[in-house]
Every structure is written in C-alpha cells, then in structure tokens.
Amino acid sequence: MTANAHAQEHAASTHVLAQLASLLRSGDVQAALALTETASANSAKPDVAAPEGAEADVVGRIASPLLDTLSFIERRKSGGGYNYWANVPAASSYADECEIGGRLAEEFASFIGKYHNNGNGALLGSIVIDMEKNGAGRGHKIGFLNTINKYAMGAAYFLHADAQESEHPWAKCRRLGNELAEALKSTGEEQFAYIAPKGSGTPTVLFGHLDYHPSTDALTSTPRLSSEPEEGQDFSELFYELINLAELAEATLDILREMDYTHSDGSRNAELDRVVGLQRVLCSNLAKLRETAGIFDGPARWVAA
C-alpha cells in the first residue's frame, strides 16, 4: 500500500510539472501561477502526516531558512516583515556597485536554487521594490539584475530546447547529398546522381551508371583463340559512356555558373570566364557526339567489311 501511494504521488507530481511546463511555453503565466497555487493547497493536506523535520512533501515543498540568512535582507525592527535591500556595502564607483550587485545576485541565486519553494519564487519582486525604496545605486541594479537575467536566460534555453533551429539550405543540401550517396552505395552498383535545382527546366534528379557495359559478360568470358573468326564488336557501351560523360560535363558547368565571378576588389575574374567558355564548348561537342552515337545503341553487332 505504501509503495502504491508513493507511485500515485509521483505520477501526480509529474503530471502537474508537465502542465506547468506547457503553460509556461505558451506564455500563459497567470494560469501557471494558478496551477502552482492549487498544487500547493492540495499538498498542504497530505493523507499521512510527514515525519518530523521532513523538508519536502509530495509536490516538492522545501523548507527554507529565514530570509535574513541572505546578507542583504534583514528583519524590520518594527512593523514586522523584512527589509529586502539592507546592509549593502558602500561603493566608491559605478564599477564597484556593479560588482557588489552581481555578487549579491549570485548569493540570491544560490539561495533560491537550494530552497526552491513557492515563497522564494516571489522573492525577487520584493527585492526590486526595496532597491528603489532604499536608494540602490544604478550599478547595484545593473549588476544584480543582469546576473539574474543570465540565469533566467539559461533556464529559458533549456525550457525551449525542444524547438529545433531551422537548418541552413546549404547544410540541408549537403546532408541530403550524403544520404543519397549512401543510398547509391547500398545498391552495390557504381552509380552517380546529378541533382538540379527546382525550376531549372531539367529533371530534378538524373541517375547514371559509371560502370555500365552491355558487353561485360562477353569481356569477362573465356577469351577467344586468335584462330577463331571475329564475330563483330558491340559499340553500344560507347553510347552509354558518352551519355555519362555529357551529364558530368553539364553538372560541372552548372557548378561553374554558381561561382562568384568578381575578385575582392570588384574586378572581373577573367580566368574563370575562360574556363566557363571552354566548358560550354565541351558540353556542346559532347551533346553532338551523344546524338551521333545514338546509332550504336542496340543489340546489333558491327562486323568489319
């Protein structure tokens, strides 16, 4: 029974924390505060009394020492309550004030980190009010609040760590390119792929076989004796090699088109212009050769006259 009760208490605590995190992510601070107060009220009436000296109940309420444990907080001599900005060391300069404010903020952060109960969760507002009321210097305020902001920023980062940052387009291209290369390798064949940008007027992805030879079986079979008559030669492999070569040349030209044609001083890169011109000539000639070699595509063998 005891184990079952503890399991239920743990599940309830986890459920409340999940709801609280969801409300904070959505920016509904009022609802988050209301949920915290409700959970605190429910936890104040446990079914079984906690043992004497216990620091926490089922929702993690932690007993805290008196607030004047902090060096800059003291109990008021009359009227009750605390002075939340007192006994602050004097400073001779703005830099010294910032150092003092930052040091006191570190003390405050350590205190609420160790004793993170609901009461201490509302402590910062009282401190800021008394900083104004008791004439805290500008450096005191900047040093103190900037240090608290540092810790708040770290907490906010972890709170929203599940939101992924957008991937840079080039990083995405390289990642997908590596995945495509791995997929091509897994086929067991020597293949290549040429990827064109969307809207370029060409197929998005073109595939080719670097080792495609229709006569591979014939080349790997037992060689003929020199006395055997020549049956002819299959030139279709030449046609497919020309296709691959033409596609590689076009892909290279596309890469060259995307390069920067200006030097750092703003002058034109004449050398790159010449390389692109030669590449265009190469692509044009390869295209003509590919069209002309189409006659070799097929099962027919060519026999010398």
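Trainee: What is the handedness of the H8 and H9 crossing?

Mentor: H8 and H9 cross in a left-handed manner; that is, the near helix is turned anticlockwise from the far one by less than a right angle. Helices here are DSSP runs of H or I with at least four residues, numbered from the N terminus. This is a predicted model, in which local features need pLDDT of at least 70, side-chain atom pairs count only at pLDDT 80 or more, and totals for chains, interfaces and linings use all residues. Residues are numbered from 1 along each chain as its sequence is written, and side-chain values use heavy atoms, with hydrogens and water left out.

Trainee: At what angle do the axes of H8 and H9 cross?

Mentor: At roughly 155°, and the axes come within 9 Å. Axes are lines fitted to C-alpha atoms over the stretch in contact, with angles from 0 to 180 degrees between N-to-C directions. H8 is therefore roughly antiparallel to H9, a label for angles over 145 degrees.

Trainee: Changing topic, where is glycine 277?

Mentor: Glycine 277 lies in helix H9, residues 270–292. The C-alpha atoms of glycine 277 and leucine 253 are separated by 9.5 Å.

Trainee: And what is the relative accessible area of glycine 277?

Mentor: It is 26%, so glycine 277 is partly exposed, meaning between 20% (buried is under that) and 50% (exposed is over that), with a 1.4 Å probe and protein chains only.

Trainee: Which residues does phenylalanine 144 contact?

Mentor: Beyond neighbours within four places in sequence, its contacts (heavy atoms within 4.5 Å) include Phe72, Trp85, Phe108 and Ile127.

Key. Helix = DSSP H or I, 4+ residues; strand = E, 2+ residues; numbered from the N terminus. Parallel < 35°, antiparallel > 145°, perpendicular 65-115°, else oblique.
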